[in-house]
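Visitor: I have a fold open on my screen and would like to learn how to read it. Could you walk me through it?

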Amino acid sequence: MMPWLRSWVLKALRNARGFCGPHRQQPPLPDPQKIVATWEAISLGRQPVPEYFNFAHDVLDMWSQLEKAGHRPRIPAFWWVNGKGTEVKWNFEELGEQSRKVANVLQDMCGLQPGDRMMLVLPRLPEWWLVSVACIRTGAVVIPGVSQLTEKDLKYRLQASRAKSIITSDSLAPRVDAISADCPSLQSKLLVSDGSRPGWMSFRELLR
C-alpha cells in the first residue's frame with residue numbers, strides 16, 4: 001500500500017474509535033494497524049482471501065454496527081437526488097435494514113436461493129442499489145441490464161441465464177410480457193412502480 005494511502009486509512013480508522021467521547025463505555029474494536037496489515041497481506045497475496053466473505057454482511061453491516069455503537073456519526077451511506085430535486089438519503093444502518101427487507105422479498109416472494117439468477121433492469125433508482133445489495137446478501141446472482149433493451153435482447157438474456165426472476169419498471173414491463181412465454185425459467189416478475197400490472201408483483205408494496 002502506498003504510504004499516503006496507508007496513513008489516510010489509519011487516520012480514518014483511529015478517528016472512528018473516538019466518536020463516542022471519553023466518558024461512554026465502548027465495545028472493543030479491532031486495532032487499526034491489524035486491519036491495515038491484513039488488508040495489505042491479502043492484496044499482496046501473502047494471505048488468502050477469506051473462504052467466506054459477503055460484502056453486505058462483512059462491510060455494510062460492520063459500518064452499521066459502528067453507527068449503532070456510536071463509534072461513528074450517522075453520515076449518508078447512500079444519497080440519491082433526481083432531476084426534480086427529490087432526495088433519498090440513508091445512513092449505513094438504514095441501508096442495511098432496507099436491503100434486508102429486499103432480501104426477504106427475494107427469498108420469500110420470489111423463492112430465490114443462493115446461485116439463482118435474477119435480472120435487474122432499472123434506471124438508476126434507489127431500488128437498483130437495494131436489489132443489488134440484497135442479491136449479495138442472499139447469494140443470488142444479479143444480471144444488470146439497461147432500459148434500452150429490446151424484446152429480443154430481454155429474451156436472449158433470460159433464456160441464456162435461465163433467470164428465475166426479473167425486476168423492472170413500467171416502461172419495460174410490456175416488453176417482458178411479450179416474450180415471457182418463451183422463457184420457461186422465469187417464475188416471478190417484480191414491478192418498481194406506484195401503479196400495478198396484471199401478472200406482476202408490486203415491489204414497493206412488498207417492501208412496505
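Predicted model: local features only at pLDDT ≥ 70, side-chain atom pairs only at ≥ 80, totals over all residues.

Visitor: How many aromatic pairs does a search of the whole structure find?

Guide: Rings of Phe, Tyr and Trp (its six-membered ring) pair if their centres lie within 6.5 Å; planes under 30 degrees apart count as stacked, over 60 as edge-to-face and the rest as tilted. Here the search turns up four pairs. Take F78 and W90: the ring centres are 5.0 Å apart and the planes sit at 25°, so this pair is stacked. F78 belongs to strand 1 (residues 76-81) and W90 to strand 2 (residues 87-91), so the pair ties together parts 12 residues apart in sequence. Helices (H or I, at least four residues) and strands (E, at least two) are DSSP runs, numbered from the N terminus. Together with W128 and W129, F78 and W90 make one aromatic cluster.

Visitor: Which ring does the charged end of K89 sit over?

Guide: A charge sits over a ring if NZ of Lys or CZ of Arg is within 6 Å of the ring centre and within 35 degrees of the ring normal. For K89 the ring is that of W79, with the charged end 3.8 Å from its centre. R124 does likewise over the face of W128, at 4.4 Å from the ring centre.

Visitor: What does W80 touch?

Guide: Contact means heavy atoms within 4.5 Å. W80, in strand 1, is buried at a relative accessible area of 16%. Leaving out residues up to four places away in sequence, its contacts include T86, R124, P126 and W129. W80 and P126 are 46 residues apart in sequence, yet their C-alpha atoms are 6.9 Å apart.

Visitor: Which residues touch the most other members of the largest nonpolar core?

Guide: In soluble globular proteins, nonpolar side chains tend to be buried together. A nonpolar core is a set of buried Ala, Val, Leu, Ile, Met, Phe, Trp, Tyr and Cys residues joined through side-chain atoms within 4.5 Å. The largest one here has 29 residues, and V102, L106, M118, V131, I167 and F203 touch the most other members. Among the elements giving two or more residues to this core are helix 4 (92-109), strand 3 (117-121) and helix 5 (126-138). Apart from that core lies another, of 16 residues, including I143 and W200.

Visitor: How many disulfides are there?

Guide: A disulfide is a pair of cysteine sulfur atoms within 2.5 Å. The search of the whole structure gives zero. For C135, the nearest cysteine sulfur is that of C110, 9.5 Å away. C135 is buried, at 1% relative accessible area, and C183 counts as buried at 2%.

Visitor: Is R162 buried or exposed?

Guide: R162 counts as exposed, with 53% relative accessibility. R162 sits in the loop between helix 6 (151-161) and strand 5 (165-168). Its phi is positive, about 55°, although R162 is not a glycine.

How values were computed. Residues numbered from 1 in each chain as written. Heavy atoms only, no water. Buried < 20%, exposed > 50% of the residue type's maximum accessible area, 1.4 Å probe, protein only.
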